[in-house]
Amino acid sequence: MTHLSVNLNKVALLRNARPLDIPSVTRMAQVCIEAGAHGITVHPRPDERHIRRADVYALAELLTDFHAIEFNIEGNPLESPWMDIVRQVKPAQATLVPDAPGQSTSDHGWNIRQDGERLKPIIQELQALGCRVSLFMDPDPAQIARLKDLGCMGATAPMETRIELYTEPYATAYRQGKAAASLERYAAAAKMAQSIGLGVNGGHDLNLENLPQFCTIPHILEVSIGHALTADALEMGMAKAVQAYLAVLHTQITQSPS
Ligand SMILES: CC(=O)[C@@H](O)[C@H](O)COP(=O)(O)O
Ligand SMILES: NCC(=O)COP(=O)(O)O
């Protein structure tokens with residue numbers, strides 16, 4: 001089954017509106033875990049507009065009581081202070097995302113031809129810390145194929161490595177009634193990744209409507225979902241929202257995309 005990692009950025013965004021710790025990010029993490037979520041994702045940005053450094057430490061502390069729950073920290077390792085935080089917390093998964101500091105949200109994956117050699121020592125350091133590394137990538141088989149030349153990703157890596165497919169273009173295509181053509185690109189990208197020994201995650205703008213079709217791509221290991229799930233939680237409550245996403249993942253259709 002594809003795992004669900006709940007991104008708590010938008011819970012923190014609401015909390016930051018007043019100095020009251022409401023809603024509590026750690027309390028919401030606990031509710032998500034009790035509802036069955038497999039992991040908790042945060043994407044601390046340099047301006048701390050939502051998740052703050054202190055939230056990452058508090059979540060890491062909370063998750064020491066939940067050994068089976070994956071802590072996934074996303075961000076740009078080339079921008080301070082992300083690596084400092086990750087060095088201290090040593091999350092189960094570190095997802096590297098090429099965002100500029102002030103960017104409103106993530107909008108593209110890595111260019112491995114341009115950044116691969118800069119990323120290599122960072123990936124190796126994260127692996128030495130025990131973190132599974134995942135790289136945020138566009139659904140571009142040519143870019144993904146380059147990862148095998150780094151030596152530290154895919155079949156030649158010292159430990160499991162993954163990519164996270166950037167799914168906003170799929171979500172847009174879905175809204176426009178063009179999901180099938182978009183899914184073909186994503187399926188080809190996933191197949192390329194899997195053929196060189198990479199696991200495949202997905203995320204960005206996934207929601208209850210577009211998730212079932214995305215999950216027709218074989219062997220998606222994890223989806224990280226925050227924005228839409230938090231919006232759903234305003235209507236359903238957080239536990240019911242998490243369960244609704246888990247129900248989709250439980251019943252994922254196994255036929256190949258058409
Ligand atoms: C990598 C990715 O797609 C998510 O982390 C997304 O960027 C969430 O970040 P925001 O909540 O700041 O938009
Ligand atoms: N990696 C994607 C993520 O964590 C959440 O993205 P979104 O659901 O908030 O768009």
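Apart from neighbours within four places in sequence, Ala-12 is in contact with Val-25, His-50, Ile-51 and Asp-55, contact being counted when two C-beta atoms, placed from the backbone, lie within 7 Å. The structure is a predicted model, in which local features need pLDDT of at least 70 and side-chain atom pairs count only at pLDDT 80 or more, while totals for chains, interfaces and linings use all residues. Residues are numbered from 1 along each chain as its sequence is written, and chains are lettered from A and ligands numbered from 1 in the order in which they are written.

Ala-12 belongs to helix H1 (residues 9-15); helices (H or I, at least four residues) and strands (E, at least two) are DSSP runs, numbered from the N terminus. Ala-12 is buried because 24 other C-beta atoms lie within 10 Å, the cut-offs being 20 or more for buried, 12 or fewer for exposed, and partly exposed in between, with C-beta atoms placed from the backbone. The C-alpha atoms of Ala-12 and Asp-55 are 8.5 Å apart, with a sequence separation of 43 residues.

Strand S1 (residues 3-7) has four of its five residues buried. S1 pairs in the parallel sense with strand S8 (residues 220-225) over four bridges, pairing requiring at least two bridges found by DSSP. Leu-4 has Val-223 as its bridge partner in S8. S1 also runs parallel to strand S2 (residues 39-42), to which three bridges join it; in S2, Ile-40 is the bridge partner of Val-6.

The residues surrounding ligand 1 include Asn-7, Asn-9, His-43, Arg-45, Glu-74 and Gly-226, where a residue is near a molecule if its C-beta atom, placed from the backbone, lies within 6 Å of it.
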